[in-house]
Amino acid sequence: MDILIGLQWGDEGKGKFIDLIGRDYDIIARFNGGANAGHSIYYQDEKITLKLLPSGIFSPHIKNIIGTGVVIDPLSLKTEIEEIAQIIPEQDLLNRILISQKAHLVLPTHRYWDIYMEESALYRTIGTTKNGIAPSYSDKIKRQNLRVEDIYSDNFKDDVYQILNRQYNELQHLGQEMPALEELYHSFMQGCIFLKKIQITDTEIFLNKALRNGQKVLAEGAQATLLDIDHGSYPYVTSSNTLASAACVSLGVSPKLVDKIYGVTKAYCTRVGHGIFPTEITGQTANDLREKGGEFGSNTKRPRRIGWLDLPALKYAIMLNGVTHLVLTKADILNTITEIPVCTHYETKGEKIALALPACKDQEIKPVWKYLSGWNTVLTNVSQAKNLPEALATFITFLEAELEVPIKYLSTGPQREELINLAI
Ligand code: IMP
């Protein structure tokens, strides 16, 4: 099994890369998060943003698995599938999706809890996507949640009503505005009826058998390393483990079966939501990069915060994941920057730090910069490593020496074909 993860704070361009290399796989399996993801891929020149579905959904030969570690909002999945079914026939689509029976459900009240906690002065504001991710995962950990397999239980309707009713009353007591309880209940049940059209199974057995039979599996991470609940910049993180190792737990595949680990990083940094961001920049350059790079949330449309490449954090992410293959995206967004700043170290209290993610928001962090020459040219016609502008080739060599991992692919634009295999 190979694994693909983001190395920064998300939005590194994982979707586009999977769209390309994904075709070599028989199975693509999502292992974390929920409808908070936004993986953009192109199908017949149309940009499509996938939230819960794995990125192999448009390739007829690929089975798409939603693993145990994912939280599923049935209504959101229904909407996503119905939208895609307008492009490819629904039956074909449904036959190629498998959902883990042990994946957890996101209830409508989870969404309202998320909204309440984000907006109430009583709670910490994280800047979440308000998709109910944290409340669903916390009910999972509290062992109070419903799982996908529960939809087949005789008591399911009663159990849903009871949990919704309790959470609804709690939220109402706190003054949270919501549609009527009956409305939430009925639309959720519609989503659950739809779920029954999809194969719900023990995906860990399916995957292990497939691997034993020589099939190729790609585990697709959502969000990214620095948003990991344990190793990210807590509390400004998501509520799942986003690291490569989480793929094994979620999918029920032994670490012994992992081969390549692809880590995707942009040539600069972005972040949505709150939290420490040592290399953040503001002002005109940030605005220009945001516009040029289309740095607005795929789902939420929120403007992303912008910063320069952060090597201490990137080295840390590479270490945590054991990355074997690096993918560098959005180099083209830096086309007009004459001198590209890259943070090689942090300085804090007179100490130089070369490998870390500064976690403490009060920590005084001063980035130490190295300025690399820009390439000042468009990359539209560059399709081979040997034709890269010299300054870009130097930029890549510099990064490889610092990061001690080869950069195997370079993305030079949004289109599928704008990706260079540097090994050729
Ligand atoms: P949540 O995952 O919706 O709870 O949001 C928690 C944090 O993760 C927020 O800062 C979000 O902006 C961020 N986040 C969640 N999903 C993504 C993603 O797919 N890309 C980038 N950031 C994300």
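## Terms and model

A residue counts as buried when its relative accessible area is under 20%, as exposed when that value is over 50%, and as partly exposed in between. The structure described here is a predicted model. Residue Glu170 shows how the terms apply: with a relative accessible area of 33%, Glu170 is partly exposed.

## Salt bridges

Side chains of opposite charge can pair when their charged atoms come close. A search of the whole structure finds 17 salt bridges. One of them joins Glu170 to Arg166, with the closest N and O atoms 3.8 Å apart. Both residues belong to helix 6 (residues 156-173), and because they are 4 residues apart there, about one helical turn separates them. Arg166, at a relative accessible area of 36%, is partly exposed. Elsewhere, salt bridges that share partners link Asp11, Lys266, Glu295, Arg304 and Lys330 into one network.

A further salt bridge connects Asp92 and Arg96, where the closest N and O atoms are 3.7 Å apart. Asp92 has 31% relative accessibility and therefore counts as partly exposed. Arg96, in contrast, has 4% relative accessibility and counts as buried. The side chains of Lys102 and Glu204 also meet in a salt bridge, at 3.1 Å from N to O. Lys102 is found in the loop between strand 7 (97-100) and strand 8 (104-105), while Glu204 is part of helix 8 (residues 203-212), so this pair ties together parts that are 102 residues apart in sequence. Lys102 counts as partly exposed because its relative accessibility is 28%. Glu204 counts as buried because its relative accessibility is 18%.

## The ligand and its surroundings

The ligand is surrounded by 16 residues, and the closest are Asn36, Thr129, Thr238, Val272 and Arg302. The shell around the ligand consists of 5 nonpolar, 9 polar and 2 charged residues.

In the side chain of Thr129, an N or O atom is 2.6 Å from a ligand oxygen. The side chain of Thr238 likewise places an N or O atom 2.6 Å from an oxygen atom of the ligand. For Gly127, a backbone N or O atom lies 3.4 Å from an oxygen atom of the ligand. On its own, the ligand has 470 Å² of accessible area, and the protein covers 96% of this area.

## Helix 11

Helix 11 spans residues 311-321 and is mostly covered, since 9 of its 11 residues are buried. Among the buried residues are Leu311, Pro312, Leu314, Tyr316 and Ile318. Lys315 and Asn321 are also buried.

Residues at the two ends of the helix can be described as well. Asp310 caps the N-terminal end of helix 11, with a side-chain oxygen 3.1 Å from the backbone nitrogen of Ala313. After helix 11 comes Gly322, which has a positive phi near 65 degrees.

Strands of a sheet pair through backbone hydrogen bonds, either parallel or antiparallel. In this model, an open sheet of 3 strands has the order 12-14-13, and its pairing is antiparallel. Strand 12 (269-271) and strand 13 (280-281) stand at the edges; each has a single partner strand, so one side of each is left without a neighbour in the sheet.

Strand 12 and strand 14 (residues 305-307) run antiparallel and are joined by 3 bridges. Within this pair, Thr270 stands opposite Ile306 of strand 14.

Strand 17 (residues 339-348) is largely enclosed by the rest of the structure, because 7 of its 10 residues are buried.

Other pairings of strand 17 are antiparallel. Strand 17 is joined to strand 19 (residues 366-373) by 8 bridges in the antiparallel sense, and Ile340 stands opposite Leu372 of strand 19. Strand 17 also pairs with strand 18 (residues 351-353) over 3 bridges, again antiparallel. Here Tyr346 stands opposite Ile353 of strand 18. Strands 17 and 18 form a hairpin with 2 residues between them, and Lys349 in the turn has a positive phi of about 50 degrees.

How values were computed
Residues are numbered from 1 along each chain as its sequence is written. This is a predicted model: local features need pLDDT of at least 70, side-chain atom pairs count only at pLDDT 80 or more; totals for chains, interfaces and linings use all residues. Side-chain values use heavy atoms; hydrogens and water are left out. A residue is near a molecule or strand if one of its heavy atoms lies within 4 Å of it. A polar contact is a pair of N or O atoms within 3.5 Å; within protein, one must be able to donate a hydrogen and the other to accept it, and residues adjacent in sequence count only if both atoms are side-chain atoms. Accessible areas come from the Shrake-Rupley method with a 1.4 Å probe; for residues, only the protein chains shown count as cover. Ala, Val, Leu, Ile, Met, Phe, Trp, Tyr, Cys and Pro count as nonpolar, Asp, Glu, Lys and Arg as charged, and the others, Gly among them, as polar. Buried means under 20% relative accessible area, exposed over 50%, partly exposed in between (1.4 Å probe, protein chains only). A salt bridge is a side-chain nitrogen of Lys or Arg within 4 Å of a carboxyl oxygen of Asp or Glu. Two strands pair if DSSP finds at least two bridges between them.
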